[in-house]
Amino acid sequence: MGNKRAEYYNTLAQEVFFPAYPVIANQILERSGIDHGYCLDIGSGPGHLSLSLATLSDLKVCAMDNSPAMCSIAEENIRKYRLERRVRAIFGDVNEIPLNTGSMDLVVSRGTVSFWRSLSRGLSECLRVLRPGGTACIGNGFGNARIRDEILATMRKRDPEWEVKREERSRIYSAARFQPALDYAGIREYEMVDDDSGFWVMFRKSGMQKFR
């Protein structure tokens, strides 16, 4: 991704999507029951979900993206919000996450799965980097129906083709697409949420505990 494209996504995140990030972060924290330790945000883009997770918890967050331009912007945003001690931007791809096995308490990813080269491989890597008892929350959404509708209305005005592109990318967020990939990755125990918050898949490294 080039610098201009990365700047475009950063502008959208700040001007349009910004209200959704703290809501999504709060939902992830509540559902996982994890609010401290280490967190990996996969496909973090300009870093706004990472920043919200760090602000609302005691987590130390790795904002990972496979675009150097995005990583650079994320670093700028981290400095802007003075969260250098809590959030760091790292370059990496979900198919080969550059972190040690069992090093993360929480792994999250919002709206990036449609860009993964292999869903099963990505899920397997999420499982690998989780510590025993750690949780992954992978999915897509806007937090709630009100924020979703406001964002969609704004984006229709900005880009008439955006909703069509969104619908195409959103097709992967379904039980029918995730279940085979989860099975192939060896993830047998998981929960799915499909409501106004979006579509989310949650699983733990070992043993299934009840999600909140």
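Tutor: Happy to; let us look at helix H2 and its partner H3. This is a predicted model, in which local features need pLDDT of at least 70 and side-chain atom pairs count only at pLDDT 80 or more, while totals for chains, interfaces and linings use all residues. Residues are numbered from 1 along each chain as its sequence is written, and side-chain values use heavy atoms, leaving out hydrogens and water.

H2 covers residues 20-32 and H3 covers residues 48-55; helices here are DSSP runs of H or I, at least four residues, numbered from the N terminus.

Now for the pairing. Two packed helices are described by the angle between their axes and the distance between the axes. The axes of H2 and H3 (lines fitted to C-alpha atoms over the stretch in contact, with angles from 0 to 180 degrees between N-to-C directions) come within 8 Å and cross at roughly 55 degrees. The two helices are therefore oblique, a word for angles that are not under 35 degrees (roughly parallel), over 145 (roughly antiparallel) or 65 to 115 (roughly perpendicular).

Which residues meet? From H2 come Tyr-21, Pro-22, Ile-24, Ala-25, Ile-28 and Leu-29, and from H3 come His-48, Leu-49, Ser-52 and Leu-53, where contact means heavy atoms within 4.5 Å. Just after H2, Gly-33 takes a positive phi of about 75 degrees.
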